[in-house]
Structure formats: structure tokens, C-alpha cells
Amino acid sequence: MGRRHQGLHQVGLPGCLTPARPIFQTSGCSITANPLTDQFTLNIAGINGPSDTEGGRYGVQSFAFNQPSNFASALAPSGFTESIGGLNANGCNGTGNFYCFMAETAPTGPILPANTSINYVFNVTLSSGTFSGYSPDFKINWDGTKNHYDLISETLTPTPGTPVPEPGSLLLLGTGLVGLGLVGRRKLSKRYL
């Protein structure tokens with residue numbers, strides 16, 4: 001991703017973005033077996049669309065988030081490698097309290113279609129505690145037809161995802177429903193005898 005380090009943007013929440021670039025949103029929910037691990041989805045919408053004044057983007061070269069309290073590790077999304085450290089115009093740089101994901105292969109084209117949306121799913125694990133109050137500071141670098149894209153930096157507020165019940169809970173619920181159905185059927189059949 002080309003970026004222009006002197007064009008750093010610090011913007012508020014996704015609803016308050018300036019129209020000069022795609023819209024970024026993140027969601028997180030504890031849907032893993034480990035209570036110290038949350039799975040996050042980064043959604044980037046409107047890529048190369050009318051509100052994306054830079055345009056010509058091939059894809060994401062790298063992106064980074066600040067570390068939550070008690071950070072232990074991060075599992076990179078498919079096609080990316082994870083490293084500790086911040087992000088600059090050349091990608092993950094190994095400095096700062098960030099976890100960074102860098103594309104295993106830099107995007108080289110073609111240009112993404114107008115209004116493309118991309119989702120990246122990744123896990124973050126803590127050594128202890130919870131994600132309560134975690135407000136991720138986000139940075140992203142792009143590759144595309146421009147020599148340098150603005151290095152975007154903003155704070156995102158995760159929107160809770162829908163918790164997915166554990167398999168054991170679903171089994172217990174299913175067994176209960178089958179049991180209720182059998183009891184109801186038995187009562188109904190006794191009534192008509």
C-alpha cells in the first residue's frame with residue numbers, strides 16, 4: 001500500500017469520517033472457546049467508490065491496531081502475517097505498542113471495483129482481564145496506482161457481534177426441546193384415547 005506519512009489523518013468514529021476515503025468499522029465478540037480471546041472483524045466499505053477521492057486501490061498492504069491492556073498475542077487474518085509494532089509508509093515497522101498485519105504478498109493489481117467491501121477476521125488474546133473499554137486505534141496502508149496514499153489513522157469503537165452459543169449449549173437446548181415435544185405429544189395422545 002502506498003501512503004503519504006505527512007498526510008496522517010486522526011479521525012473519530014466511523015459515522016464521523018470525512019468523505020476522502022473508505023469507511024472503516026470493526027466489531028468484536030467473544031465467540032472463541034478461550035474467554036481471553038476475542039474475534040474481531042474489520043469491515044472496509046466504499047473502496048474506490050465516489051467518496052474515495054484517492055481511488056485506484058489494489059488492496060491492503062498492512063494494517064495495525066494499538067494493543068489492549070494485558071495483550072498476549074494476535075492471530076492474523078488469512079493472507080497476512082502478524083508482527084508486534086507500529087505502521088509507517090513501508091508497512092509494519094516493529095516499534096510501538098501495536099500489533100500489525102502485513103500482506104504475505106503485496107497487492108499489485110488490478111484495481112478493485114468501485115465500492116468494494118473487504119472483511120478481515122482476526123483473533124486477539126489477552127494474558128488476563130477483559131476487552132471492556134478497549135478502543136482500538138487503527139492504521140492502514142494501501143497499494144494501488146498512486147505512489148503514496150494517505151496513511152489513515154483513526155480510533156474505532158467496536159460494535160458487539162452476536163455471541164454464538166457453544167456446541168454444548170446448543171445440544172442442551174435441543175435435548176430440552178425434544179423432551180418438551182415428547183411430553184406434549186404423550187399428553188396429547190392420552191387425551192384422545
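**Entry 1: disulfide**

I looked up the link of Cys92 and Cys100 first: it is left-handed, with -80 degrees about the S-S bond. The S to S distance of this disulfide is 2.0 Å. I took a disulfide as a pair of cysteine sulfur atoms within 2.5 Å. By that rule I count 1 disulfide. Cys92 and Cys100 are both buried. I use buried for under 20% relative accessible area, exposed for over 50%, and partly exposed for in between (1.4 Å probe, protein chains only).

I note that this is a predicted model: local features need pLDDT of at least 70, side-chain atom pairs count only at pLDDT 80 or more, and totals for chains, interfaces and linings use all residues. Residues are numbered from 1 along each chain as its sequence is written, and side-chain values use heavy atoms, with hydrogens and water left out.

**Entry 2: salt bridges**

I searched for salt bridges next (a side-chain nitrogen of Lys or Arg within 4 Å of a carboxyl oxygen of Asp or Glu). The count is 3.

Arg57 pairs with Asp52, and their closest N and O atoms are 2.7 Å apart. Both Arg57 and Asp52 are buried. Arg57 has a relative accessible area of 0%. Glu54 also forms a salt bridge with Arg57, at 3.0 Å between the closest N and O atoms. Glu54 is buried, at 13% relative accessible area.

Lys146 meets Glu54 at 3.5 Å, N to O. Lys146 sits in the loop between E11 and strand E12 (150-155) and Glu54 in the loop between E3 and E4, so this pair ties together parts that are 92 residues apart in sequence. Strands here are DSSP runs (E, at least two residues), numbered from the N terminus. Lys146 counts as partly exposed, at 28% relative accessibility.

Which residues do the shared partners join into one network? I find Asp52, Glu54, Arg57 and Lys146.

**Entry 3: aromatic pairs**

I then listed ring pairs. The rule covers rings of Phe, Tyr and Trp (its six-membered ring) with centres within 6.5 Å; planes under 30 degrees apart are stacked, over 60 edge-to-face, and the rest tilted. Searching the whole structure gives 17 aromatic pairs.

Phe40 and Tyr134 are edge-to-face, at 6.3 Å centre to centre and 80 degrees between the planes. Phe40 is in strand E3 (residues 37-47), while Tyr134 is in the loop between strand E10 (116-126) and strand E11 (137-144), 94 residues apart. Both Phe40 and Tyr134 are buried.

Is the pair of Phe65 and Phe138 stacked, tilted or edge-to-face? The ring centres are 5.1 Å apart and the planes are at 40 degrees, so the pair is tilted. Phe65 is in strand E4 (residues 57-66) and Phe138 in strand E11, 73 residues apart. Both Phe65 and Phe138 are buried.

I also traced the cluster linked by ring pairs. Its members include Phe40, Phe65, Tyr134 and Phe138, along with Tyr99 and Phe122.

**Entry 4: nonpolar cores**

Last, I checked nonpolar cores (sets of buried Ala, Val, Leu, Ile, Met, Phe, Trp, Tyr and Cys residues joined through side-chain atoms within 4.5 Å). The largest has 27 residues. Leu42, Phe63, Phe65, Tyr99 and Phe122 have the most contacts inside it. E3, E4, strand E5 (71-75), strand E9 (98-103), E10 and E11 each supply at least two residues of this core. E10 gives the most, with 5 residues.

Another core, of 5 residues, lies apart from the largest one. Ala64, Leu87, Cys92 and Phe98 are among its residues. Cys92 is also one end of the disulfide, joined to Cys100.

Technical notes:
Helix = DSSP H or I, 4+ residues; strand = E, 2+ residues; numbered from the N terminus.
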